[in-house]
Amino acid sequence: MTDPIADMLTRIRNALMVHKETVEVPSSKMKKAIADIMLNEGYISGVEVAEDGAFSKLVITLKYVGKRQSVINGLQRVSKPGLRTYSGVEKMPKVMDGLGVAILSTNKGVMTDKQAKAANVGGEVLCYIW
């Protein structure tokens, strides 16, 4: 697998299209940090790490409004392995005019665009969620 973060976002997007309750993703520290941000921002309703033999996986519980309306309207991978995208604190991206969230990998850890602006750090723009 070339891009595990894009794989995670695609699995979430596909599970949302068929209205699944949960989705399983192979676990890593970066994916866990992204899922924790999604949980704190209210886009998903739960994250837990499940041990499956030698490997661990993330079990992400998706969040819906009503019966079939997903809370997540869009997921977009920004920085790819072939073309990395970086942003300084002055030119921090705004997703949907502030309604969405940009997730960044900084030298102080994985954080949202608002947290990075408050901490006065820039970094690699991983993905957009709205």
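## Pairing in the sheet

Two strands are taken as paired if DSSP finds at least two bridges between them. In this predicted model, β1 and β3 are joined by 5 bridges and run antiparallel. Within this pairing, proline 26 stands opposite lysine 57 in β3.

Strand β3, residues 55-62, also pairs with strand β2, residues 44-52; the sense is again antiparallel, and 8 bridges are found. Here lysine 57 of β3 is the bridge partner of alanine 50.

The strands make up an open sheet of 3 with the order β1-β3-β2 and antiparallel pairing. Each of β1 (22-26) and β2 has a single partner strand and stands at an edge, so one side of each is left without a neighbour in the sheet. On average, neighbouring strands of this sheet are turned by 25° against each other, direction ignored.

## The hairpin

Strands β2 and β3 form a hairpin with 2 residues between the strands. In this hairpin, glycine 53 takes a positive phi near 70°.

## Helices on the sheet

Helix α1, which spans residues 4-17, lies across β1 and β3. Its direction runs at about 165° to β1.

Helix α2, formed by residues 29-40, packs on the sheet and touches β1, β2 and β3. The direction of helix α2 makes about 155° with that of β2.

How values were computed. Residues are numbered from 1 along each chain as its sequence is written. This is a predicted model: local features need pLDDT of at least 70, side-chain atom pairs count only at pLDDT 80 or more; totals for chains, interfaces and linings use all residues. Side-chain values use heavy atoms; hydrogens and water are left out. Helices (H or I, at least four residues) and strands (E, at least two) are DSSP runs, numbered from the N terminus. Axes are lines fitted to C-alpha atoms, for helices over the stretch in contact, and angles run from 0 to 180 degrees between N-to-C directions. Contact means heavy atoms within 4.5 Å.
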